[in-house]
Amino acid sequence: QVQLVESGGGLVQPGGSLRLSCAASGSIFSIIWNMGWYRQTPGKQRELVAVISRGGRTNYVDSVKDRFTISRDNARKTVYLQMNGLKPEDTAVYYCNVGFPRGLETPGDYWGQGTQVTVSS
């Protein structure tokens with residue numbers, strides 16, 4: 001099994017910042033896997049926010065490209081999402097995702113439980 005522990009969500013005002021963290025563990029997890037973040041709001045399909053490969057290649061949804069930064073620490077088996085300039089439209093449950101690389105736009109097989117991000121004033 002693979003366990004993904006997410007943290008960093010919360011309530012912020014528009015223009016604020018949050019940093020999400022996701023720590024992976026378990027015997028199946030491999031450092032070669034992609035790591036990333038998806039988000040979902042009621043009535044909408046889960047969408048890719050950002051993903052990063054072991055070598056540092058990244059892919060972002062267009063709406064966050066100039067505001068969010070994904071990074072990873074392979075020694076800690078942790079992926080981060082720095083979110084700046086948050087907008088109400090960013091409000092969603094954010095899910096950590098990891099898995100064997102099949103392309104930066106293809107989700108892996110393992111998901112975190114999700115962490116709520118709410119942007120409101």
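## Basis of the report

Buried denotes a relative accessible area under 20%, exposed one over 50%, and partly exposed the range in between, computed with a 1.4 Å probe on protein chains only. Under this scheme Lys 77, at 35% relative accessibility, counts as partly exposed.

The structure is a predicted model, in which local features need a pLDDT of at least 70 and side-chain atom pairs count only at pLDDT 80 or more, whereas totals for chains, interfaces and linings use all residues. Residues are numbered from 1 along each chain as its sequence is written, and side-chain values use heavy atoms, with hydrogens and water left out.

## Nonpolar core

A nonpolar core is taken as a set of buried Ala, Val, Leu, Ile, Met, Phe, Trp, Tyr and Cys residues joined through side-chain atoms within 4.5 Å. The largest such core has 28 residues, and those with the most contacts inside it are Trp 37, Leu 81, Met 83 and Tyr 94. At least two residues of this core come from each of strands S3 (18–25), S4, S5 (47–52), S7 (68–73), S8 (78–83), S9 and S11 (115–119). Strands (E, at least two residues) and helices (H or I, at least four) are DSSP runs, numbered from the N terminus.

Contact means heavy atoms within 4.5 Å. When residues up to four places away in sequence are not counted, Tyr 94 touches Trp 37, Leu 81 and Met 83, among others. The contacts of Tyr 94 also include Glu 6, Arg 39 and Thr 115.

## Salt-bridge network around Arg 39 and Asp 90

A salt bridge is a side-chain nitrogen of Lys or Arg within 4 Å of a carboxyl oxygen of Asp or Glu. The whole structure contains six salt bridges. Arg 39, Glu 47, Arg 67 and Asp 90 are linked in a network of these interactions. Arg 39 pairs with Glu 47, with the closest N and O atoms 2.7 Å apart, and Arg 39 also pairs with Asp 90, where the closest N and O atoms are 3.0 Å apart. Because Asp 90 lies in the loop between S8 and S9 and Arg 39 in strand S4, the latter pair ties together parts that are 51 residues apart in sequence. A salt bridge also joins the side chains of Asp 90 and Arg 67, at 2.7 Å from N to O. This pair links distant parts of the chain, 23 residues apart, with Arg 67 in the loop between strand S6 (58–60) and S7 and Asp 90 in the loop between S8 and S9.

Glu 47, by contrast, is partly exposed at 27%. Glu 47 is placed in strand S5 and, leaving aside neighbours within four places in sequence, is in contact with Tyr 38, Arg 39 and Val 61.

Rolling a probe the size of a water molecule over the atoms shows where empty space is left. A cavity is a set of points, on a 1 Å grid over the protein atoms alone, where a 1.4 Å probe fits but cannot get out, and its lining residues have an atom within 4 Å of a point. Points are joined across faces, edges and corners, and a volume is the space filled by probe spheres set on them. One cavity of 30 Å³ or more is counted, and the largest cavity holds about 40 Å³ of space.

The lining of the largest cavity includes Asn 34, Met 35, Val 51, Asn 97 and Thr 106. Strands S4 (34–40) and S9 (92–99) each supply at least two lining residues, and the largest share, four residues, comes from S4. The lining divides into four nonpolar, six polar and no charged residues.

## Individual sites

Asn 59 lies in strand S6 and is buried, with a relative accessible area of 18%. Among its contacts beyond four places in sequence are Leu 48, Val 51 and Leu 104.

Gln 116 lies in strand S11 and is partly exposed at 40%. The C-alpha atoms of Gln 116 and Ala 92 are separated by 6.1 Å, although the residues are 24 apart along the chain. Lys 77, in the loop between S7 and S8, has a positive phi of about 55° although it is not a glycine.

Terms used
1 Å grid on protein atoms, 1.4 Å probe; cavity = no way out; pocket = protein on both sides within 12 Å on 5 of 7 lines; lining within 4 Å. Nonpolar A, V, L, I, M, F, W, Y, C, P; charged D, E, K, R; others polar.
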